[in-house]
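The sequence and structure come first.

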Amino acid sequence: MKFLIIGQGLAGSVLGLTLLQRGHEILVVDQDETITSSKVAAGLFNPITGMNRSKTWKAEELFPFLKRFYTESQKLLGGTFYKELPIYMPFTTLESQNEWVAKSVEPYWAQWMRICDNKADANFSKYVKNPYGGMQTLQSGWIDTPILLERVAKYLESINALRIAKFETKDIEWQEEIVFQGESFDKLIFCNGLMAAKDPLFSWLNHAHVKGDLFELQILDMPQTHIINKNGFILPLSNGNFRMGSTYNNFFDDPVSVTNEGFNELYQKLEGILNTNYNVVRHYAATRPATKDRRPLLGIHPKYNNISIFNGLGTKGVSLAPYLAEHLAMYLEGKIQLFEEVNIERCLKYYKSEHQNV
Ligand SMILES: Cc1cc2nc3c(=O)[nH]c(=O)nc-3n(C[C@H](O)[C@H](O)[C@H](O)COP(=O)(O)OP(=O)(O)OC[C@H]3O[C@@H](n4cnc5c(N)ncnc54)[C@H](O)[C@@H]3O)c2cc1C
């Protein structure tokens, strides 16, 4: 089949590569914005997340899949964007230490984490506040998303499958086939991140975007062997600095501007993590295309069966995108049904008459 994909963020890039690999033809249209969620993302993949440090949804499937996908993509595209790194997580209370020591001997948890010994904790305590010791994750790391996007763009250009333009629905004619700039496509897939909430075709979905601020830090002498996570993360960057974040803000005026509140929140988090001196060298922000139920948005438009969406990747785009891109591709090929949790049919109650005239 031949697909027209709108957006070359993480969603459009990963879906594009997946469709090519499955033997389809694609054209990706992207308006090349300077600041997007994918260009700013910290890029972490972590099987144990959230305030309660619970297991990520479908972690058993997502994590082996993402490793295969990104390492194979790296071979195809060149560059280094897939970085495996353990995450050191200091315990915040004696109770949480006891709880994780007990969990660590269960086979299920042993695949994702282990408790650090006294020597490792002592090494970290030079830099990190860890009075109760800590644990470290396995199968974790980060994707350098700006490099991934740049490599995908170069690859798509080389096969004449990328167009830099702002797409508008009025640019296409659509009946049986979708016609864009004189070229016919079987299917159109929106991977347009935040913009889906403004596009009448998909504005009725349960979008609930979440803004996040980040710092880039200089931390002299801190080893770059681990990511640190304690109500905020500190991630070693290739240039010797560290990225630190993040905030989660549901109420904001502008999706990309930094604020004093964001600065102060990050600063407070840092004070709870670090035991050593640091300099803030950059403060920046972007907004995650997230949903009210914190599940992605995949599926076919209720009225137009050749128009689909791949969106709502929220805070976990890096780990969700590879597995769900293949899931969507197989669904569009008519081979499987979508998981109910990600299918946009769960939002049909919001699809009202005003949306049906589009
Ligand atoms: C501060 C912050 C920290 C994050 N940290 C992590 C993390 O540690 N781990 C993780 O997994 N995820 C993280 N994320 C989330 C992650 O960035 C997102 O899940 C993911 O990048 C979303 O990708 P997307 O392609 O759906 O959206 P986007 O990145 O927004 O991409 C959409 C693309 O569509 C293009 N577009 C839109 N409309 C049009 C149009 N009309 N015509 C042409 N092009 C168009 C845009 O220009 C853009 O390139 C973080 C996000 C933020 C903001």
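## Charges over rings

R282 lies over the face of Y284, at 3.8 Å from the ring centre. A charge is taken to sit over a ring if NZ of Lys or CZ of Arg is within 6 Å of the ring centre and within 35 degrees of the ring normal. K58 also meets this rule: its charged end is over the ring of F339, 4.2 Å from the centre.

The model is predicted, and local features need pLDDT of at least 70, side-chain atom pairs count only at pLDDT 80 or more, while totals for chains, interfaces and linings use all residues. Residues are numbered from 1 along each chain as its sequence is written, and side-chain values use heavy atoms, with hydrogens and water left out.

## Aromatic pairs

Rings of Phe, Tyr and Trp (its six-membered ring) pair if their centres lie within 6.5 Å; planes under 30 degrees apart count as stacked, over 60 as edge-to-face and the rest as tilted. The count by this rule is 16 aromatic pairs. One of them, F45 with Y82, is stacked because the ring centres are 5.7 Å apart and the planes are at 5°. This pair links distant parts of the chain, 37 residues apart: F45 belongs to strand β3 (residues 44–45) and Y82 to strand β6 (residues 82–84). Helices (H or I, at least four residues) and strands (E, at least two) are DSSP runs, numbered from the N terminus.

Relative accessible area sorts residues into buried (under 20%), exposed (over 50%) and partly exposed (in between), with a 1.4 Å probe and protein chains only. F45 is buried at 2%, and Y82 is buried at 10%.

## Nonpolar cores

A nonpolar core is a set of buried Ala, Val, Leu, Ile, Met, Phe, Trp, Tyr and Cys residues joined through side-chain atoms within 4.5 Å. The largest core has 66 residues, and Y70, I189 and F310 have the most contacts inside it. Helix α9 (residues 317–332) supplies the largest share of this core, 10 residues. The core lies between domain 1 and domain 2, because both give residues to it.

Contact means heavy atoms within 4.5 Å. Leaving aside residues up to four places away in sequence, Y70 touches L10, V14, F81, Y82, I143, L148, V318 and P322. A second, separate core of 23 residues includes L4, L188, F190 and Y351.

## Domain contact

Domain bounds come from an automatic or database domain assignment. Domain 1 is 2–41 + 145–205 + 296–356, and domain 2 is 55–144 + 208–288. Their C-alpha centres lie 29 Å apart. The contact takes 31 residues from domain 1 and 30 residues from domain 2.

Buried area is the accessible area (1.4 Å probe) that two parts lose on being put together, summed over both. The two domains bury about 2700 Å² between them, 75% of it on carbon and sulfur atoms. On the domain 1 side, V40, L194 and Y323 lose the most area to domain 2, together 21% of what that side buries.

## E326 and T18

E326 is in helix α9 and is partly exposed, at 24% relative accessible area. Beyond residues up to four places away in sequence, E326 touches T18, R22 and F65. The C-alpha atoms of E326 and L19 are separated by 8.0 Å, although the two residues are 307 residues apart along the chain.

T18 is in helix α1 (residues 10–21) and is buried, at 2% relative accessibility.
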